[in-house]
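Here is a quick walk through one protein model, from a loop residue to the sheet, the cores and the charged pairs. Have the structure open while you read.

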Amino acid sequence: VWLTQLLERYALWVADRVVVRGTFHQELLARQGIAADVIQDGVDVEQFAPVDASDLRKQYGLERIMTVGLLGSSVWSGKLQMCYGWELVETIELLKDSRVKGIMIGGGSGIPHLEARCRELGIEDRIKFLDFIPYEQLPRYLSLIDVCLSTQTNDVVGQVRTTGKLPLYLAAGRYILASEVGEAARVLEPEMLVPYDGVKDEQYPRKLAERIRAILAHPEMLERAETNMDLARKHFDYSMLAERVSGVIAAALKARGAKG
């Protein structure tokens, strides 16, 4: 850890420009007197536009079912006794009396733990674990999910970044329930933000379940997700981010030239 700290300090000292993934990180460095440019994770909005996934719904037995899911690698933390996707399992257990099923796209050391927890809770048939999906097929599989979860821990680690999944969910026109942390808290509508406390919020699944029950009672809420595609274009489209990167490089080269 101390070697990493030394490397970070050295990098910040020698860099012509500093680029970070989230606005809070920019603010954090500014308080240390370090100027930084924000370049969030992005998405090809055309590639990830919504597509018809009715064939997948039929294949996985998800017709007339509301689906809640997420995308990403799940790595088990023995220290925290948690991994990416833990909130999905606990939320689906709370909703086992409803027509709701979970979808987990991705692999990793956490998956066996999540599957074991499903068996313990008796909800093995309520969550589909789809493993890794080739990138070019992701738009189709994301369209299989009605409500996408985007969860960041409410600590510095979660606050400083823009998770790469958020732009994908937005471009795919998915309804999102995100922890009120980091970049998601800046771009999403309040109804899609869920308060999250600390590193592992034991009450978070209950909060998610309450929001999902509200959607079940008023399914027309899902139609509001169409505006998320506009947010993807405004904040995360690669063509827009590329212009920002070009500006950062040009400014760095100009500063270099001025130094001689």
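## A loop serine

Does Ser 98 count as buried or exposed? Ser 98 counts as buried because its relative accessibility is 15%; buried means under 20% relative accessible area, exposed over 50%, and partly exposed in between, with a 1.4 Å probe and protein chains only. Ser 98 sits in the loop between helix H4 (86-94) and strand E4 (100-105). Helices (H or I, at least four residues) and strands (E, at least two) are DSSP runs, numbered from the N terminus. Setting aside neighbours within four places in sequence, Ser 98 is in contact with Arg 126 and Leu 216, where contact means heavy atoms within 4.5 Å.

A word on the ground rules: this is a predicted model, where local features need pLDDT of at least 70 and side-chain atom pairs count only at pLDDT 80 or more, while totals for chains, interfaces and linings use all residues. Residues are numbered from 1 along each chain as its sequence is written, and side-chain values use heavy atoms, with hydrogens and water left out.

## Strand E6 and its partners

Strand E6 (residues 147-150) points Val 147 and Leu 149 one way and Cys 148 and Ser 150 the other, and all are buried. E6 pairs in the parallel sense with strand E3 (residues 66-71) over two bridges; two strands pair if DSSP finds at least two bridges between them. Here Gly 69 has Cys 148 in E6 as its bridge partner.

E6 also pairs with strand E7 (residues 175-179), again in the parallel sense, over four bridges. In that pairing, Leu 149 stands opposite Leu 177 of E7.

## Nonpolar cores and a patch

In soluble globular proteins, nonpolar side chains tend to be buried together. The largest nonpolar core in this model has 66 residues, and Ile 105 and Leu 188 have the most contacts inside it. A nonpolar core is a set of buried Ala, Val, Leu, Ile, Met, Phe, Trp, Tyr and Cys residues joined through side-chain atoms within 4.5 Å. Not counting residues up to four places away in sequence, Ile 105 touches several residues, among them Leu 70, Leu 130, Ile 133 and Tyr 141. A second, separate core of six residues includes Val 18, Val 20, Leu 29 and Ile 34.

On the surface, Leu 7, Tyr 10, Trp 13 and Val 14 form a nonpolar patch with about 510 Å² of accessible area together. Patches are made of residues with over 30% relative accessible area and no salt bridge, with like charges joined within 9 Å and nonpolar side chains (Val, Leu, Ile, Met, Phe, Trp, Tyr) within 5 Å. Areas come from the Shrake-Rupley method with a 1.4 Å probe, and for residues only the protein chains shown count as cover. Tyr 10 belongs to helix H1 (residues 2-14).

## Salt bridges

The count comes to 14 salt bridges, each a side-chain nitrogen of Lys or Arg within 4 Å of a carboxyl oxygen of Asp or Glu. Glu 90, Arg 117 and Glu 120 are linked in a network of them. Arg 117 and Glu 90 meet at 2.7 Å, N to O, and this pair links distant parts of the chain, from helix H5 (residues 111-121) to helix H4, 27 residues apart. Glu 120 and Arg 117 have their closest N and O atoms 2.8 Å apart; both lie in H5, three residues apart, about one turn of the helix. Arg 117 is partly exposed at 27% relative accessibility, whereas Glu 120 is exposed at 61%.

Lys 207 and Asp 201 also meet in a salt bridge (2.8 Å, N to O). Lys 207 is buried at 15% relative accessible area, and Asp 201 is buried at 5%.
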